[in-house]
Structures are given as structure tokens and as C-alpha cells.
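Here is a short briefing for a first look. Please keep the sequence and the 3D view open while reading.

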Amino acid sequence: MQPYLFPYLGYFQLAASVEKFVFFDDVNFIKKGYIHRNQILVNTEQHRFSVPLKKVSQNDLIKDVYVSEIFPDWKIKFLKTIELSYSKSLNYREVLMLL
């Protein structure tokens with residue numbers, strides 16, 4: 001499978017059901033895919049977020065794609081959004097440590 005940013009439940013179910021699970025990072029990057037972006041719920045509305053990347057082409061391999069350093073605050077803003085949206089959720093602190 002190609003790596004995804006915060007994979008969906010079925011991705012984990014698939015990984016748990018096989019003897020070997022392989023991440024393909026030597027395949028082309030999909031610009032409109034979920035390798036570097038995803039959605040979360042913010043006030044019951046879908047909120048799309050993306051990890052900013054250095055200039056990337058769909059001809060680049062996933063393993064050759066890098067996070068941009070031009071927007072250093074994106075992590076702080078993302079974690080603040082998570083905190084405001086999910087801090088009262090069950091297991092929030094444990095999941096936050098994974099993020």
C-alpha cells in the first residue's frame with residue numbers, strides 16, 4: 001500500500017489481516033491523494049488539512065518528497081486545531097502523544 005497521512009480504519013484492518021504489509025514509497029507521488037493530506041471533524045464539519053511540501057511533481061517518487069520548511073508554524077496550528085476540536089474526547093492525551 002502507499003503510505004497515507006492518518007489512514008482510515010480499513011487500512012489498519014488490512015494490515016492486521018495479512019502476514020506482511022508493505023509500504024510502497026518507490027512509486028509516484030499522487031498530488032490529489034491522501035499521502036500528505038486528510039480531513040478531520042471541526043465543530044461537526046469536515047476540515048481538510050495538508051502538510052506543506054517542498055515543490056513536488058506527480059513524477060516524483062514518494063520517498064523523494066519532503067516537508068517544506070517555508071511554513072514552520074503549520075504543526076503548531078494543526079495541533080491547536082486538534083486540541084480545540086478533540087481535547088474532551090476519550091483517550092485524547094494518548095492519541096495526542098502519537099501525533
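Is Y11 buried or exposed? Y11 is buried, with a relative accessible area of 3%. This is a predicted model. Its mean pLDDT is 93, and 100% of the residues reach 70 or more. The points below start with the overall layout and then turn to single residues.

**Overall layout**

- The protein has three helices and two strands.
- Starting at the N terminus, these elements follow the order α-β-β-α-α.
- A box of roughly 40 × 40 × 25 Å, taken along the principal axes, holds the C-alpha atoms.
- The protein has 99 residues, and 19% of them count as buried.
- The accessible surface is about 8000 Å². Carbon and sulfur atoms make up 57% of that surface.
- Take the contacts with a separation of 6 or more: 47% of them join residues 24 or more positions apart.

**Confidence**

- Among the elements, helix α1 (residues 9–16) has the highest mean pLDDT, at 94.
- Helix α3 (residues 92–98) has the lowest, at 92.
- In general, where pLDDT is low, the predicted coordinates should not be read in detail.

**Aromatic rings**

- Nine aromatic pairs are present in the structure.
- One of them joins Y8 and Y11: the ring centres are 6.1 Å apart and the planes stand at 70°, so this pair is edge-to-face.
- Which residues do ring pairs link into a cluster? They are Y4, Y8, Y11, F12, F21 and F23.

**Charged side chains**

- R37 lies over the face of Y34, 6.0 Å from the ring centre.
- How many salt bridges does the count come to? The count is one.
- That salt bridge joins the side chains of E83 and K80, with 3.6 Å from N to O.
- How are E83 and K80 placed in helix α2? They are three residues apart in this helix (residues 74–86), so about one helical turn separates them.
- E83 is partly exposed, at 35% relative accessibility. K80 is partly exposed as well, with a relative accessible area of 42%.

**The loop between β2 and α2**

- K54 and K63 are both found in the loop between β2 and α2.
- Strand β2 covers residues 45–50.
- K54 is partly exposed, with a relative accessible area of 41%.
- Which residues does K54 touch, leaving aside those up to four places away in sequence? K54 touches Y66, V67, S68 and E69.
- K54 and I70 are 16 residues apart in sequence, and 8.4 Å separates their C-alpha atoms.
- K63 is partly exposed, at 45% relative accessibility.
- The C-alpha atoms of K63 and N28 are 8.9 Å apart. Along the chain, these two residues are 35 residues apart.

**Positive phi values**

- F6 has a positive phi, near 55°, and is a residue other than glycine.
- Where is F6 placed? F6 sits in the segment before α1.
- F6 is partly exposed, with a relative accessible area of 34%.
- N91 is not a glycine either, yet its phi is positive, at about 65°.
- N91 lies in the loop between α2 and α3.
- N91 is partly exposed, with a relative accessible area of 43%.

Methods: Residues are numbered from 1 along each chain as its sequence is written. This is a predicted model: local features need pLDDT of at least 70, side-chain atom pairs count only at pLDDT 80 or more; totals for chains, interfaces and linings use all residues. Side-chain values use heavy atoms; hydrogens and water are left out. Rings of Phe, Tyr and Trp (its six-membered ring) pair if their centres lie within 6.5 Å; planes under 30 degrees apart count as stacked, over 60 as edge-to-face and the rest as tilted. Buried means under 20% relative accessible area, exposed over 50%, partly exposed in between (1.4 Å probe, protein chains only). A charge sits over a ring if NZ of Lys or CZ of Arg is within 6 Å of the ring centre and within 35 degrees of the ring normal. A salt bridge is a side-chain nitrogen of Lys or Arg within 4 Å of a carboxyl oxygen of Asp or Glu. Helices (H or I, at least four residues) and strands (E, at least two) are DSSP runs, numbered from the N terminus. pLDDT is the predictor's confidence in each residue, from 0 to 100. Contact means heavy atoms within 4.5 Å. Accessible areas come from the Shrake-Rupley method with a 1.4 Å probe; for residues, only the protein chains shown count as cover.
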